[in-house]
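Okay, thanks everyone, let me get the model up on the screen.

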Amino acid sequence: MVHPTDHWENVYRSKSFDAVSWYAPHLGESLRLIEQLCPDKTAAIVDVGGGESTLVDDLLHRHCLDLSVLDISAAAIDFTKRRLGAKAQQVNWHVGDITRYNFGDKKFDLWHDRAVFHFLTDPAARQAYVDLVRGSVKPGGYVLMATFGPNGPLQCSGLHVAGSS
């Protein structure tokens, strides 16, 4: 079995950013919901699994001031840093496994996940994720997640996903 980090490093090193099945040039629905839930530009927002996503570009364009991106793949994070150029310095970058990550004292107003939770097929991994969310989102904060539903695909990027039957 390939370690998740190795799997995702291979995906991001072997495929163009726009050749993955989940690519979208802009995450319109996520942006709409983020702006609705956190209109304050100083809100602390984290994009979990946001490696090569353009969400951070669009949030910077909207003058959001406290952005963080976490991804298991250093290659994905490095790609986005290069794409953003000097603007990358305005983002807090995190590389690590969400089931073992520690944001320290950082608390978020909004937790965005369009790409990670459905890959956590092990109940212990899902519980670790939920525990991290509980400890990382401010009271009254928001969790914005997109996952595969019960009739969704059984696999994505060669990995089984939770929520499929």
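So, let's start with helix H4, residues 74-84: Ala75, Ala76, Ile77, Thr80 and Leu84 are buried there. Buried means under 20% relative accessible area, with exposed over 50% and partly exposed in between, using a 1.4 Å probe and protein chains only. Helices here are DSSP runs of H or I with at least four residues, strands are E runs of at least two, and both are numbered from the N terminus.

Quick housekeeping: this is a predicted model, so local features need pLDDT of at least 70 and side-chain atom pairs count only at pLDDT 80 or more, while totals for chains, interfaces and linings use all residues. Residues are numbered from 1 along each chain as its sequence is written, and side-chain values use heavy atoms, with hydrogens and water left out.

After H4 comes Gly85, with a positive phi near 65°.

On to the rings. Phe, Tyr and Trp rings (the six-membered one for Trp) pair if their centres lie within 6.5 Å; planes under 30 degrees apart are stacked, over 60 edge-to-face, the rest tilted. We have 4 aromatic pairs. Tyr101 and Phe103 have ring centres 4.9 Å apart and planes at 65°, so they're edge-to-face. What about Phe103 and Phe108, how far apart are their centres? It's 5.0 Å, with the planes at 80°, so that pair is edge-to-face too. Phe103 is buried, at 9% relative accessible area. Tyr101, Phe103, Phe108, Trp111 and Tyr129 form one aromatic cluster.

Last, the sheet. It's open, with 5 strands in the order E3-E2-E1-E4-E5 and parallel pairing; strands pair if DSSP finds at least two bridges between them. The edge strands are E3 and E5 (137-145), each pairing on one side only. Strand E1 (44-48) and strand E4 (108-113) pair over 4 bridges, and Val46 has Trp111 in E4 as its bridge partner.
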